[in-house]
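Dear colleague,

I am passing on the structure below, and my notes on it follow. Please read them alongside the sequence.

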Amino acid sequence: MRHLFLDIETVRNALDWTPPADGGAVSQWDDGSGNARHVSQGTGTAQPTYRASVAALNGKPAVQWDGTSDVLSSSTFTAVTQPWSWVIVAYATGAAAVRR
């Protein structure tokens, strides 16, 4: 079974990951599963934004995607050939932020 665990607070505390400053670009997000399947993006204009404190998430940190071109990927976590699950916690604001 392959694991990939992306959680800002757990990864930051367990792996001593230092996130960018508030409003900074996220070029790499470290995998907290211990399998080193980190996700990254080398193109600055395609990197999501780190938010240190989001009021709608009770002051918790978050990674914010622009909804058009931001992407993080992993070359070591590509072909998943078995059933898998995603658990995502998200908060959308405004009609334009709603995606289906």
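How many bridges join strand β3 to β4? Four bridges join strand β3 (residues 49-54) to β4, and the two run antiparallel; strands are DSSP runs of E with at least two residues, numbered from the N terminus, and two of them pair if DSSP finds at least two bridges between them. Within this pairing Tyr50 stands opposite Val63 in β4, and in the hairpin, which has five residues between the strands, Asn58 takes a positive phi near 55°.

Please bear in mind that this is a predicted model, in which local features need pLDDT of at least 70 and side-chain atom pairs count only at pLDDT 80 or more, while totals for chains, interfaces and linings use all residues. Residues are numbered from 1 along each chain as its sequence is written, and side-chain values use heavy atoms, with hydrogens and water left out.

The ring centres of Trp29 and Trp65 lie 6.4 Å apart with their planes at 35°, so the pair is tilted. It links distant parts of the chain, since Trp29 is in strand β1 (residues 28-29) and Trp65 in the segment after β4 (60-64), 36 residues apart. Trp29 counts as buried at 8% relative accessibility, whereas Trp65, at 40%, counts as partly exposed (buried is under 20% relative accessible area, exposed over 50%, partly exposed in between, with a 1.4 Å probe and protein chains only).

Asp30, found in the loop between β1 and β2 (39-40), is buried as well, with a relative accessible area of 15%.

Note on methods
Rings of Phe, Tyr and Trp (its six-membered ring) pair if their centres lie within 6.5 Å; planes under 30 degrees apart count as stacked, over 60 as edge-to-face and the rest as tilted.
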